[in-house]
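Q: Could you show me how to read the nonpolar cores and the chain contacts of a model like this one?

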Amino acid sequence: MVAPSAQKHWPKKAPTQNSMLNSIPDEAGGVGPSFKPRRRSTVRQHELPDGLLIFNPQSLKAFALNASASAVWDLCDGNHTIADIALELSQCAGRTPEELLPDVATAVQKLLELGLVEQDALH
Amino acid sequence: MVSGRPEQSNESLSPEGKGISRRALLQKTGWAVPVIVALTIPQDAYASVSPCRNTLSQGYWKNHPNSWPVDGLTIGGVPYDIDQLIEILKTPPKGDATYILAHQLIAAKLNVAIGCPPPIVNGTNLIEKADELLREYPLGSRPSKNVKTAMTTLAEKLDDYNNGKPYN
């Protein structure tokens with residue numbers, strides 16, 4: 001799943017340097033490569049064989065994440081930008097960071113909308 | 001940590017170790033489009049995903065602001081920070097049912113925020129019902145008899161929930 005608006009701005013091929021990923025402009029009103037997501041401290045997580053179960057006690061809602069979404073979730077620690085996450089996951093996912101970037105951004109955007117992550121306070 | 005704060009599991013808040021194994025799994029399976037699916041959880045299943053041991057009374061929350069698991073709450077559609085919420089909790093109702101209900105609603109929301117199962121009766125979440133009433137009759141509006149009765153009845157149920165008593 002690739003956000004069409006993200007495709008418009010992010011290169012399909014290319015730079016392998018994380019600094020170059022970070023230089024791509026952020027989406028207006030959405031999350032861009034330099035966005036630093038942080039898991040909300042009140043959210044609970046439980047291991048599933050092929051992913052995670054996330055429970056938000058404030059909204060009383062639960063969500064199942066597949067392996068890729070779980071890997072993104074793990075790196076939403078307030079230290080990694082979306083570009084960092086794409087870069088780190090590219091090392092074990094057999095894809096380039098540029099290929100992963102739209103998927104990672106879409107996943108983080110969804111987590112943000114669901115109130116499961118927030119923007120790092122210092123960002 | 002303030003004495004008396006409810007016990008919470010830290011295991012689920014430190015996913016880094018598991019994250020490494022999950023990334024190893026990703027290496028095996030390869031990348032797929034990230035999927036996040038909303039689930040419907042039966043009320044009795046909340047216990048299995050909840051670190052809650054006991055609900056806590058509005059008196060506890062009023063006197064232990066450092067134990068609050070959130071920076072603020074929305075009550076009746078109005079967002080408040082902790083200081084404002086403590087002020088509300090410290091305000092004597094003096095017969096105003098909106099305050100009687102708000103006191104219990106604040107405590108109930110905090111109990112849910114620490115992972116306790118929400119108070120649901122016949123499919124109705126009492127917290128949502130209280131919010132609806134306070135949206136219609138805002139804090140300090142001193143509603144008249146019928147609404148006052150509805151609010152105090154609901155507040156009693158939330159009080160029972162907050163004190164760990166049956167609230168059906």
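The dialogue below takes up the cores and then the contacts between the chains.

A: This is a predicted model, in which local features need pLDDT of at least 70 and side-chain atom pairs count only at pLDDT 80 or more, while totals for chains, interfaces and linings use all residues. Residues are numbered from 1 along each chain as its sequence is written, and chains are lettered from A and ligands numbered from 1 in the order in which they are written.

Q: How many residues does the largest nonpolar core have?

A: In soluble globular proteins, nonpolar side chains tend to be buried together. A nonpolar core is a set of buried Ala, Val, Leu, Ile, Met, Phe, Trp, Tyr and Cys residues joined through C-beta atoms within 7 Å, where buried means that 20 or more other C-beta atoms, placed from the backbone, lie within 10 Å of a residue's own. Here the largest has 34 residues, and those with the most contacts inside it include A:I54, A:V72 and A:L111. Another core, of 30 residues, lies apart from it, with B:I100 and B:L154 among them.

Q: Which residues does A:V72 contact, leaving aside its neighbours within four places in sequence?

A: Two residues are in contact if their C-beta atoms, placed from the backbone, lie within 7 Å. For A:V72 these are A:I85, A:V104, A:A107, A:V108 and B:P34.

Q: How many residues of each chain are in contact with the other chain?

A: In this model, 35 residues of chain A are in contact with 30 residues of chain B. The largest share of chain A's side, seven residues, comes from α3(A).

Notes
A residue is buried if 20 or more other C-beta atoms lie within 10 Å of its own, exposed if 12 or fewer, and partly exposed in between; C-beta atoms are placed from the backbone. Helices (H or I, at least four residues) and strands (E, at least two) are DSSP runs, numbered from the N terminus.
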